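I opened this notebook to record what I looked up in one structure, beginning with a helix pair and moving on to the core and the overall layout.

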Amino acid sequence: MIHLERLPEPEILIRNKVEWLRIFLASGKPRPDSSKYGHNNVRTQLYSISHNKCFYCERKLSEKESQIDHYIEVANTAGKDLAFEWNNLFLSCDNCNKKVPHNAIPVENALNPFIYSNDEIEQHITFDDEIIRIKNNSDIGTKTIQKFRLDKLEHIRLQFFRKFANKYFEISDIARAENREYTEDEKEQLRSFSYPDHPFSLMFKVILRKRKLL
Ligand SMILES: [Zn+2]
């Protein structure tokens, strides 16, 4: 998870959300119509917020893999009224969307990428290579990992970690053979793994810091 800035609310929601909510509440159905809150214009704006990554785990999502998640779940009485609220719509992967229900871990007890800064997020969660860890025995860190099942994605993070490790060894082998420090260009190639548009950028930030490359 990294800090995210919410972009302006899509026109389609501004124009229709009151009517859509009225229809949903009157229908008595347990779930709102996903073709409405998941309208293409909403989806596109959510993609732009996170460079097409899951808001919780930073996995890069293809259009087919992406899901629109209600941050405050519509299964809650309070969440029903937020079914079409822009601030309540999050982009998620299938793993993180299967989050632990509100009555077991309320979202208020977990990190929210729009509220917490990167520095704050990093006070609560960290990584040993691809393994996600709780920092400083943080309760909110523990609940964040449990709530969004962030420890279930280690096999996917490992694939990216291997890509980084290959690049890192390639660069460090050449530098050692030529008996020199890394060039700025080589450092840049490694640092690019930690940029906000890169999958699992927080994990790579931690990895790069440990190697004194950030
Ligand atoms: Zn995810």
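Before looking at the pair, I noted the cut-off I would rely on: an angle over 145 degrees between N-to-C directions counts as roughly antiparallel. The model is predicted, and I read every entry below with that in mind.

Helix pair. I looked up α8 and helix α9 (residues 184–191), and found that their axes come within 10 Å and cross at roughly 165°. The two helices are therefore roughly antiparallel to each other, and I noted their crossing as left-handed. On the α8 side the contact is made by Lys167, Tyr168 and Ile171, and on the α9 side by Glu186, Gln189 and Leu190. Sorted by class, I have three nonpolar, one polar and two charged residues in this contact.

Core. I then turned to the largest nonpolar core, which has 41 residues, and listed those with the most contacts inside it as Cys54, Tyr56, Cys57, Leu150 and Met203. Among the elements that each supply at least two residues of this core are α1 (11–27), β3 (125–128) and α8 (154–177), while α10 gives the most, with five residues.

Overall layout. I recorded 10 helices and four strands for the protein, and noted that its C-alpha atoms fill a box of roughly 70 × 35 × 25 Å along the principal axes. Of the 214 residues, 30% are buried. Among contacts between residues at least 6 apart in sequence, 64% join residues at least 24 apart.

Methods. Residues numbered from 1 in each chain as written. Predicted model: local features only at pLDDT ≥ 70, side-chain atom pairs only at ≥ 80, totals over all residues. Core = buried A, V, L, I, M, F, W, Y, C linked by C-beta atoms within 7 Å. Buried ≥ 20, exposed ≤ 12 C-beta atoms within 10 Å, placed from the backbone. Contact = placed C-beta atoms within 7 Å. Axes fitted to C-alpha atoms, helices over the stretch in contact; angles between N-to-C directions. Parallel < 35°, antiparallel > 145°, perpendicular 65-115°, else oblique. Left-handed = near helix turned anticlockwise from the far one by under 90°. Nonpolar A, V, L, I, M, F, W, Y, C, P; charged D, E, K, R; others polar.
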